[in-house]
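Here is a short report on a protein and its ligand. It covers the ligand site and the domain interface.

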Amino acid sequence: MLVIRNIRTMRNCVRKVKGEKKIIGFIPTMGALHQGHLSLINRARRDCESVVISIFVNPTQFGPREDFKKYPRNFAADKRICQKAKVDFLFIPRVKEIYPPDYCSYVRVKGLEDKLCGTFRQGCFQGVATIVSKLFNIVQPDIAYFGQKDFQQVVIIKRMVRDLNIPVKIKVLPIVREKDGLAMSSRNKYLNKQQRKEASILFQSLQLAKEMLKKGERSSVKVIAQIKKMIKKIPSAKIDYVSIVNPESLEDVRLMSEKILVALAVWIGKARLIDNMIINETGI
Ligand code: AMP
C-alpha cells in the first residue's frame, strides 16, 4: 500500500493505473475508520482492480462552532486497517494543498443541500459537494463507494454527478450497525458509557416507525410524533429533527403511500448522531 500526501503523486499513480486499464474504486472518508468504512473498502476490493481510499477531515463542511478540531484522528490505526484490507493507495492530502489561501471555488447542489441536516448545519453540503468533486477530479475513479448512513450526502453526490456529468458510478452500501442497532460512526467516540447505551434509541425509534407502517399507519405526522415521544424519554437526547421524506427529492411526505425515508438527527450529549431507514409502504 502506498501512502500519498500530495496531489501530484496521486495524479501520477492514477495515470499509471489507468494506463494499465485497471478499474479504480474509490472511498472518500474522514478517517477514524470502523467497520462501516471497512464494508465499503471490502466491496471496492471485490469489484475493482485498484482501490484508493482518502482520509481528509474536510474543514469546509464543518460550521464555526462544530467539532472540526476535535474530530477523531488516528492515522496509525487507520493505516493498519487499510493495509490489512489490501488498499492500494491511501491518499491523505494536506488542508493547505486542498484549500490554498486564495481558494474560492465551491459546488452547490441547490434544493437538496438545505433540507434535513442542511437546515441545522448550514454550508455543510456545499463543503461536502466541493471536496467530493475535487477528490473525483484528482482520483478519477470508475466507481465511488458511499454509505447509506449519510443518506442526504448520497442523494446530493448522485445529483451532482448527474448534473455535472462526472464520469463515475456511485455505489451505495447498507448501514453497518453495532449489536444494539446503533449505526457505526466516528462520532460515537464522543459518547460516555451511559450515553452509548442510550444512543441505541435512534435505531429503536426507526424500528418503531417500521412497525407502525406494518400495522397500517399512513400518517407521517403520527409516526414522527411517536418517534419524538420515544426519544424524549432519554434525558441526554436533544432532537434536531425527525423527518419522513421522499428518498429522492427529500421533500416531506405526509401520506405514506410509497417508499419513504425516515431520517433523524439527535444529539446524545456532545455527539450529534444521524440515522435513517428506507421503508416501503407496507413496512418492509
Ligand atoms: P465519514 O468518514 O464519516 O465521512 O464516512 C465515509 C464514508 O463511510 C461515507 O460514505 C459514509 O456514509 C460511510 N459510512 C460511515 N459510517 C457508516 C456505517 N455505519 N455504515 C456504512 N457506511 C458508513
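A polar contact is a pair of N or O atoms within 3.5 Å; within protein, one must be able to donate a hydrogen and the other to accept it, and residues adjacent in sequence count only if both atoms are side-chain atoms. The model is predicted: local features need pLDDT of at least 70, side-chain atom pairs count only at pLDDT 80 or more, and totals for chains, interfaces and linings use all residues. Residues are numbered from 1 along each chain as its sequence is written, and side-chain values use heavy atoms, with hydrogens and water left out.

**Ligand site**

The ligand is surrounded by 17 residues. The closest are Met30, His37, Asp150, Val176 and Met184.

| Residue | Atom in the residue | Distance to a ligand oxygen |
|---|---|---|
| Met30 | backbone N or O | 2.9 Å |
| His37 | side-chain N or O | 2.9 Å |
| Asp150 | polar side-chain atom | 2.7 Å |

**Domain interface**

The domain assignment gives domain 1 (2–173) and domain 2 (186–279); such bounds come from an automatic or database assignment. Their C-alpha centres lie 26 Å apart. Domain 1 puts 22 residues into the contact and domain 2 puts in 21 residues, where contact means heavy atoms within 4.5 Å.

About 1900 Å² is buried between domain 1 and domain 2, and carbon and sulfur atoms give 58% of that area. Buried area is the accessible area (1.4 Å probe) that two parts lose on being put together, summed over both. Which three residues supply more than any other three of the area that domain 1 buries against domain 2? They are Leu116, Phe120 and Phe151, with 31%.

Two salt bridges cross the interface of domain 1 and domain 2. The rule asks for a side-chain nitrogen of Lys or Arg within 4 Å of a carboxyl oxygen of Asp or Glu. Lys115 and Glu251 meet in a salt bridge through their side chains, at 3.6 Å from N to O. Seven residue pairs are in polar contact across the interface of domain 1 and domain 2, both residues at pLDDT 80 or more.

Key
Near = heavy atom within 4 Å.
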